[in-house]
Amino acid sequence: MKLSVIGAGYVGLPTSVGLASKGHPVLCIDIDERKVEKINTGKCPIYEEGLSELIEEVVSKDMLEATTDTQKAVANSDVTFISVGTPMKEDGSINLEYIKQAAEDAAKGIRDKDAYHLVVVKSTVVPKTTEDEIIPILEEVSGKTAGEDFGVCMNPEFLREGTALQDFLKPDRIVIGELDRKSGEKLEKIYKDFDAPIIRTSLRTAELIKYASNSLLATKISFINEIGRLCKELEIDVYEVADGVGTDHRINRDFLDSGAGFGGSCFPKDVRALIKVMEDYGEKPRILKEIINVNEEQKTKLVEQLQKHYKDLSGKKIAVLGLSFKPGTDDIRQSPAIDIISELKKKDAEVKAYDPEAIENMKKEHPDIKYTDSYTEALENTDAGLIVTGWGEFSEITLDEIRLMKNQIILEGRKTQLRIDKSYREGLSWP
Ligand SMILES: NC(=O)c1ccc[n+]([C@@H]2O[C@H](COP(=O)([O-])OP(=O)(O)OC[C@H]3O[C@@H](n4cnc5c(N)ncnc54)[C@H](O)[C@@H]3O)[C@@H](O)[C@H]2O)c1
């Protein structure tokens with residue numbers, strides 16, 4: 001089956017490359033010409049482990065091609081996945097601008113072809129969006145009828161940035177929300193080589209499964225961060241508590257690592273969008289609201305902790321290590337590092353920042369701080385170092401490197417495997 005994928009971002013690209021590696025010829029579409037050019041030369045426009053190598057391979061085998069022409073790509077394929085961004089509006093509700101445009105562009109391609117076509121919504125959209133917003137656009141612009149001339153599925157994506165390709169290729173489950181059996185059957189064929197249970201549901205159920213999953217994962221993080229605050233008072237290591245709790249198979253250890261709060265392009269916006277939807281239906285999203293409140297407070301806890309050492313941060317040189325919202329990605333969207341740097345700047349501290357992959361992205365957010373090429377350079381002559389993102393390389397910091405600091409204080413937002421003497425280091429939520 002020939003596939004087209006609209007949107008070559010953190011989801012669309014692993015989807016395109018992953019499906020191409022499974023033997024489906026893929027046309028990958030993006031409005032960003034630089035991304036398209038890069039992909040066509042076999043290069044990866046984002047940092048994701050394993051993605052560069054596989055892009056090079058599938059492009060060289062002519063299994064993947066990128067284009068800016070949605071209409072033509074859709075007309076020349078059998079199935080179209082839509083994986084454009086669905087960001088958050090000021091009021092927390094979902095911004096459907098990009099997905100509506102993508103649906104309109106896809107519909108023009110459907111109009112141009114005679115054969116049956118399948119449209120698969122892969123972007124995260126709130127329940128009923130596919131039924132109430134996407135299908136009407138597809139029908140109106142194509143002049144065709146959903147369920148007769150073309151099929152529609154909603155196939156939420158659960159991959160994590162940092163392990164996106166692996167997660168896409170080896171998912172825990174594949175959720176297929178379907179307009180009708182024919183649509184679901186066609187999509188299931190694409191996933192036939194995937195070793196994962198397939199859950200077939202209605203369109204709106206698939207949409208809600210995605211929001212409920214992300215909100216529950218975010219709950220685990222805010223929950224352990226709240227427990228971490230008590231741990232700090234009691235001089236207990238919250239990671240030991242998490243190990244003890246997470247060994248229970250009903251709970252599971254994942255997403256119980258206390259830290260500087262969750263960020264990224266999904267959890268903050270998805271929890272907020274679900275809050276908005278519940279309120280629109282007259283329900284009270286009490287738990288969901290507290291997930292966000294705890295997270296907002298958590299983001300600047302490191303600065304509070306730093307102020308136990310320096311009440312006045314004015315003129316203090318602070319190294320911020322780790323800028324991406326999690327290790328393994330260059331994505332800084334909603335990263336706690338953004339708020340931490342803002343807070344430090346507000347208090348007139350001098351910030352030196354380092355990240356192995358995310359510096360260029362952070363420069364757009366904070367152009368006025370100093371960036372360094374290594375963590376050693378960042379730590380040199382500083383009053384304190386804050387480890388915000390748990391990149392593996394930070395566990396290699398040595399005592400000699402710590403001695404380059406003016407005052408030897410390392411505060412860890414995320415517990416790393418630092419092998420240096422405990423007296424130099426302090427954590428957000430362990431003694
Ligand atoms: N990032 C994640 O970890 C993740 C995980 C699961 C689900 N999701 C969901 O997947 C969706 C995509 O997220 P993302 O992180 O990949 O976004 P992204 O911003 O990284 O990528 C979106 C891409 O779509 C392109 N685009 C926008 N409008 C277009 C159009 N009309 N035609 C062609 N291209 C267009 C943009 O240029 C961009 O390259 C969102 O709904 C998100 O919530 C994201």
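How much of the accessible surface of this protein chain belongs to carbon and sulfur atoms? Of about 19,300 Å², it's 47%, with areas taken by the Shrake-Rupley method using a 1.4 Å probe, and for residues only the protein chains shown count as cover.

Okay, a bit of housekeeping. This is a predicted model, where local features need pLDDT of at least 70 and side-chain atom pairs count only at pLDDT 80 or more, while totals for chains, interfaces and linings use all residues. Residues are numbered from 1 along each chain as its sequence is written, and side-chain values use heavy atoms, with hydrogens and water left out.

So, the overall picture. The chain has 17 helices and 14 strands; those are DSSP runs numbered from the N terminus, with helices being H or I of at least four residues and strands being E of at least two. Its radius of gyration is 23 Å, close to the 22 Å the globule rule gives for 431 residues, so the chain is as compact as a globular protein of that length. That radius is taken over C-alpha atoms, and the rule is 2.2 Å times the number of residues to the power 0.38. Along the principal axes, the C-alpha atoms fill a box of roughly 70 × 50 × 35 Å.

What about the inside? Of the 431 residues, 54% count as buried, meaning under 20% relative accessible area, with exposed being over 50% and partly exposed in between, using a 1.4 Å probe and protein chains only. Take the contacts with a separation of 6 or more: 72% of them join residues 24 or more positions apart, where contact means heavy atoms within 4.5 Å.

Now the cores. In soluble globular proteins, nonpolar side chains tend to be buried together. Here, the largest nonpolar core has 45 residues, and Leu306, Leu321, Leu323, Leu344, Leu386 and Ile397 have the most contacts inside it. By nonpolar core I mean a set of buried Ala, Val, Leu, Ile, Met, Phe, Trp, Tyr and Cys residues joined through side-chain atoms within 4.5 Å. Elements that each supply at least two residues include α13 (301-306), β9 (317-321) and α14 (336-346). And α14 gives the most, with five residues. There's also a second, separate core of 44 residues, including Ile94, Ala107, Val121 and Ile291.

Let's zoom in on Leu386. Leaving aside neighbours within four places in sequence, Leu386 is in contact with, among them, Leu302, Ile340 and Leu411.

Which strand holds Val26? It's β2, residues 26-29, and Val26 is buried at 2% relative accessibility.

Buried or exposed? Asp167 is buried, with a relative accessible area of 12%. Beyond neighbours within four places, its contacts are Leu159 and Arg160.

Last stop: backbone angles. Most residues other than glycine have a negative phi. Lys128, though, has a positive phi of about 85°. Lys128 is in the loop between β5 (117-121) and α6 (129-142), and is partly exposed at 26% relative accessible area. Asp348 also has a positive phi, near 60°. Asp348 sits in the loop between α14 and β10 and is exposed, with a relative accessible area of 52%.
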